Amino acid sequence: MADYHEFIEKMGSKIKVEIRKKRRLYFQVKNEDILEVVDYLFNKMECRLSTATATETYHGIEALYHFSDDNTGNYYCPRVVMKDKENPEMNSITPMIQGAEWIEREMAEWWGIKFIGHPRPIPLLSRNHPEDLNKPMRCRR
Amino acid sequence: MKIKSNLKEISNKNQIPVGPFHPLLEEAEYFNLTVDGETVVDIDMDTGWMHRGHEFISEQKSFTQSIYLVERICGICSTSHPLAFVHALEDVGNIEIPLRARYIRTLVGELERIHSHLLWVGLAGHFIGYDTVWMWAWKYREPVLQMFEIISGNRNHYGMMRVGGVGKDVDPASIPELNKILDTLVKKMNMIAKIVNDDPVLRSRLIGVGVLTKKDAIDYCAVGPTSRASGVRGDVRKDEPIDAYDLVDFDEIITKNGDVYDKFVVRVLETIESIKICRQCLNKLKEIKGPFFNNVKEISAGEGIGRYEAPRGEVFHYVRTDGTNRVVRHKVRAPSFNNIPTFQASCKGIPIADALITLAGVDPCYCCTERAIRVSDKHNKNKKIDLLKLSRDKTLYIRRNA
């Protein structure tokens, strides 16, 4: 918990804590602040990007990143909510973290999120698919 | 002159397609190697050939049905996925499981690691022309599958995991037999470890091949033996010791060179550590009485992360629940998803003969379908290149000239 406290204090108003429990911290971040928060997690705290999860909710399209602090076993999960469901876009973290390339390509392909600044914005799973899959994970329910 | 120079550059570079169906890949995946002469200068990867939509299907199923579904994501890691999934659901509901179930989960998970690493050791031996290692490793893997059969009734897809515990108890009467199998196995693993350590040809063939530096392992967020062989510490069993991992004694194996030899060493030594863990679990299961399952009536609405150190690295499951008996969002990330992109770093600059073992070094999944490849040379003539033969020929060359 002490680690969370330091992180929360350092980030200040840039994050809005949603769920705080043993070894898990979920918080919301605005798109304009995501690079700064990720920079702190990856470069300062030396967390590892485990993966990211995109979800469609009533509020918009969410991109939830999962950063693992392997020294403590804690997970830090910054969430960016894109309210424009038609044209969701956010800053790409791939220029900072090479390991995010596939993760963001997959989210872009399945959920239609445009990652600004992604160095290789081509489909991951349907590169040679004969049909345009058109955001297959959206509007399923 | 410039045009001529560019033409020369183009004509000297050839494309070597590997896959999408190839003996080194369990699941279909396509690698396009760009080679300049004998050297790999670039690699492009194309995935998605075997996409089965597990996340989507899981969201249509109840929790218990989804356990069986995720068990079938991978035939080798058929404990890791369901275990990570139930960890995620238990994380949502803050569910505790009985002590006996913790030991059983750990036992089954470690047995899976042993058989998966032995599978890889055998295949790696085959790729570099050590067919005896291949046959031995797979021979010694067989008793591990027998142990699974004794414990769960199945050699694969054990159906052991449940939210709140495990589905089957370990029969105390079978423990002496299980211990006896481990006695045999540890002797054989020590023998394989000695071979890895002592054989000069094996060392010459694998040391310095397909190096993934520590920086690259961190940048690509690699996991499991792939990152630990590059000197990056990180093992879910140590970082977040759930189940019985905080109750057993074992070492996290880390080496520093990042080459295929170190990946070999990490896997062999991890197998020996896993046998150590299995012994401790079996001894505890003789003593501990009590239930192996807590009947969980409902999972509240919320978000949960579950993970487990699979043989290839961290398996990650994220679930979002709404209070019903199914997940509304289920994210699955297998370790190979993080490890395969590291080929961009480890394959560049290596000879073609080393490409096969480097690609196999991160232990992507394998299948038995072989595909011949054709390469156009600078005279536009097709020539057939067999990567497996190239790799084995190189070992033969070292053996004869050592």
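The structure is a predicted model, in which local features need pLDDT of at least 70 and side-chain atom pairs count only at pLDDT 80 or more, whereas totals for chains, interfaces and linings use all residues. Residues are numbered from 1 along each chain as its sequence is written, while chains are lettered from A and ligands numbered from 1 in the order in which they are written.

Chain A contains 3 helices and 7 strands, where helices (H or I, at least four residues) and strands (E, at least two) are DSSP runs numbered from the N terminus. Read from the N terminus on, its elements follow the order α-β-β-α-β-β-β-β-α-β. Along the principal axes, the C-alpha atoms of chain A fill a box of roughly 50 × 30 × 25 Å. Of the 141 residues in chain A, 42% are buried, a residue being buried if 20 or more other C-beta atoms lie within 10 Å of its own, exposed if 12 or fewer, and partly exposed in between, with C-beta atoms placed from the backbone. Two residues are in contact if their C-beta atoms, placed from the backbone, lie within 7 Å, and among the contacts in chain A between residues at least 6 apart in sequence, 48% join residues at least 24 apart.

Strand S2 (24-29) of chain A pairs with two other strands, pairing being assigned if DSSP finds at least two bridges between them. Strand S1 (residues 15-21) of chain A runs antiparallel to S2(A) and is joined to S2(A) by 6 bridges, with Gln28(A) as the bridge partner of Lys16(A). These two strands, S1(A) and S2(A), form a hairpin with 2 residues between them, and Arg23(A) in the turn has a positive phi of about 65°. Strand S5 (residues 74-82) of chain A, by contrast, runs parallel to S2(A), to which 5 bridges join it, and here Pro78(A) stands opposite Phe27(A). The covered face of S2(A) carries Leu25(A), Phe27(A) and Val29(A), and its uncovered face carries Arg24(A), Tyr26(A) and Gln28(A).

Between the chains, 25 residues of chain A are in contact with 24 residues of chain B. On the chain A side, strand S2 (24-29), strand S3 (48-57) and helix H3 (101-111) each supply at least two residues, and S3(A) gives the most, with 6 residues. The residues of this side divide into 9 nonpolar, 10 polar and 6 charged, where Ala, Val, Leu, Ile, Met, Phe, Trp, Tyr, Cys and Pro count as nonpolar, Asp, Glu, Lys and Arg as charged, and the others, Gly among them, as polar.

Chain B is divided into domain 1 (2-49 + 351-401) and domain 2 (57-337), with bounds that come from an automatic or database domain assignment. In chain B, 19 residues of domain 1 are in contact with 18 residues of domain 2. On the domain 1 side, helix H15 (352-361) and helix H16 (387-401) of chain B are the elements that give two or more residues, and H16(B) gives the most, with 8 residues. This side of domain 1 of chain B consists of 10 nonpolar, 4 polar and 5 charged residues.

Antiparallel to S2(B) runs strand S1 (residues 13-18) of chain B, joined by 6 bridges, and Ile16(B) stands opposite Leu33(B). Strand S3 (residues 39-46) of chain B also pairs with S2(B) in the antiparallel sense, over 7 bridges.

The largest nonpolar core has 147 residues, and those with the most contacts inside it are Ala63(A), Met107(A), Ile113(A), Leu89(B) and Ala124(B); such a core is a set of buried Ala, Val, Leu, Ile, Met, Phe, Trp, Tyr and Cys residues joined through C-beta atoms within 7 Å. Helix H5 (residues 99-127) of chain B gives the most to this core, with 14 residues.
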